[in-house]
Amino acid sequence: MIRTAIRPFAAIAAGATLVAGLAPLSVARADTPTQWSYDISTTGNDVFYTSPTSINPAADLYDVTSTINLLEVRVRYLFLNFNVNVTDQIPPEQRVVTNSVVGPAPITLVNAPVVYPAAPEPPAISGDLFVGLNAGGFGVANFTNVTLGTTQVEVPGFGLQTVTITRVRVVGTIDAKARDILLGDTNCDGFVTVGDIAAFVLALTDTAEYTIQFPNCPILSADTNEDGFVTVGDIATFVALLTGL
Ligand SMILES: [Ca+2]
Ligand SMILES: [Ca+2]
């Protein structure tokens, strides 16, 4: 839940000088970062991973990173079966995806097709990768709509051959941290400073534009009097948070 800034005694004593001094009032509370590892394989069926532990599903904000550490295909050529590491075929921006996503859970971090090799070559494997948190705050990694085809690989002793892909394996991690934002921290950098004034004014005057400019920051960070709405009634409490008065 959004919480009120706890002003250190020194900040209260410093009073109005805080506005000019840019002194941050407090850092947003963050839950312990959690990492889950998954190792899912499919021969064409849909596969679903759910983490064994969960994080707070009611948080305001989640810092989430999805990392694919291994994409491996099992191929068959004549009577031979062997694994081929095709991790480097994944574009870097798909291998590691990091973002802050507004809570509460469920949230989506990755919802994108994974195709190897990339177009215009015909896909040897394709599927849809979903990474996120379910409503309970558990990490989720799903690989669905899987299609396995053929590809060309160097087979030791046989040269370049067309082989049949029989299995796909995806190994990765999900890093997640639940965060409660500070009231008045309208740019969600973890501090209440004069740097939040422009975002606060935007939240007050143009909700749509605020959500475009601050897609990863809940607009209720501007609801500084905590009545559930962002209105001019929040100005006085915002100023009070800013100045520590
Ligand atoms: Ca801020
Ligand atoms: Ca309000």
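The following conversation walks through a predicted model of a protein.

Biologist: What sort of model is this, and how are residues and chains labelled?

Modeller: Residues are numbered from 1 along each chain as its sequence is written, and chains are lettered from A and ligands numbered from 1 in the order in which they are written. This is a predicted model in which local features need pLDDT of at least 70 and side-chain atom pairs count only at pLDDT 80 or more, while totals for chains, interfaces and linings use all residues.

Biologist: What is the average pLDDT of the protein?

Modeller: The average pLDDT is 86, and 87% of the residues score at least 70. The pLDDT is the predictor's confidence in each residue, from 0 to 100. Over residues 6-27 the pLDDT is below 50, and this stretch has 36 contacts in the model beyond near neighbours in sequence. Two residues are in contact if their C-beta atoms, placed from the backbone, lie within 7 Å.

Biologist: How many helices and strands are there?

Modeller: The protein has six helices and 10 strands. Helices (H or I, at least four residues) and strands (E, at least two) are DSSP runs, numbered from the N terminus.

Biologist: Which strands does β3 pair with, and over how many bridges?

Modeller: Strand β3 pairs with β5 in the antiparallel sense over seven bridges, and Y62 has V101 in β5 as its bridge partner. With β4, β3 pairs antiparallel over six bridges, and R74 is partnered by N83. Two strands pair if DSSP finds at least two bridges between them.

Biologist: What is found in the hairpin of β3 and β4?

Modeller: That hairpin has two residues between the strands, and L78 takes a positive phi near 55° there. L78 is a residue other than glycine.

Biologist: Is L78 buried or exposed?

Modeller: L78 counts as exposed because it has 9 C-beta neighbours inside 10 Å. A residue is buried if 20 or more other C-beta atoms lie within 10 Å of its own, exposed if 12 or fewer, and partly exposed in between, with C-beta atoms placed from the backbone.

Biologist: And C188, is that buried or exposed?

Modeller: C188 counts as buried, because 21 C-beta neighbours lie inside 10 Å. C188 is in the loop between β10 and α4 and has a positive phi of about 55° although it is not a glycine.

Biologist: Moving on, how do β7 and β8 pair?

Modeller: β7 and β8 pair in the antiparallel sense over eight bridges. L133 has G139 in β8 as its bridge partner. The two strands form a hairpin with four residues between them, and G137 in the turn has a positive phi of about 85°.

Biologist: What else joins β8?

Modeller: Strand β2 (residues 47-54) is joined to β8 by five bridges, and the two run antiparallel. V47 stands opposite F143 in β8.

Biologist: Where is N142, and what is it in contact with?

Modeller: N142 is in strand β8. Leaving aside neighbours within four places in sequence, N142 is in contact with V47, F48 and F130. N142 counts as buried because it has 20 C-beta neighbours inside 10 Å.

Biologist: Which residues have the most contacts inside the largest nonpolar core?

Modeller: The largest nonpolar core has 52 residues, and those with the most contacts inside it are Y62, I125, V131, L133 and A203. Elements that each supply at least two residues of this core include β1 (34-42), β3 (61-77), β7 (125-133), α4 (197-205) and α6. The core draws at least three residues from each of domain 1 (9-27 + 182-243) and domain 2 (34-179). Domain bounds come from an automatic or database domain assignment. A nonpolar core is a set of buried Ala, Val, Leu, Ile, Met, Phe, Trp, Tyr and Cys residues joined through C-beta atoms within 7 Å.

Biologist: Which residues are in contact with A203?

Modeller: Leaving aside neighbours within four places in sequence, A203 is in contact with T186, Y210, I219, A222 and V230.

Biologist: Which residues of α6 are buried?

Modeller: The buried residues of helix α6 (residues 235-243) are F238, L241 and L242. Seen down the axis of α6, these buried residues fall within an arc of 100°, so they line one face of the helix. The arc is that of the directions from the helix axis to the C-beta atoms. After α6 comes G244, whose phi is positive, near 75°.

Biologist: Last topic: which peptide bonds are cis?

Modeller: The bond from A105 to P106 is cis, with omega near 5°, and P106 is in the loop between β5 (96-102) and β6. The bond from Y116 to P117 is also cis, with omega near -10°, and P117 is in the loop between β6 and β7.
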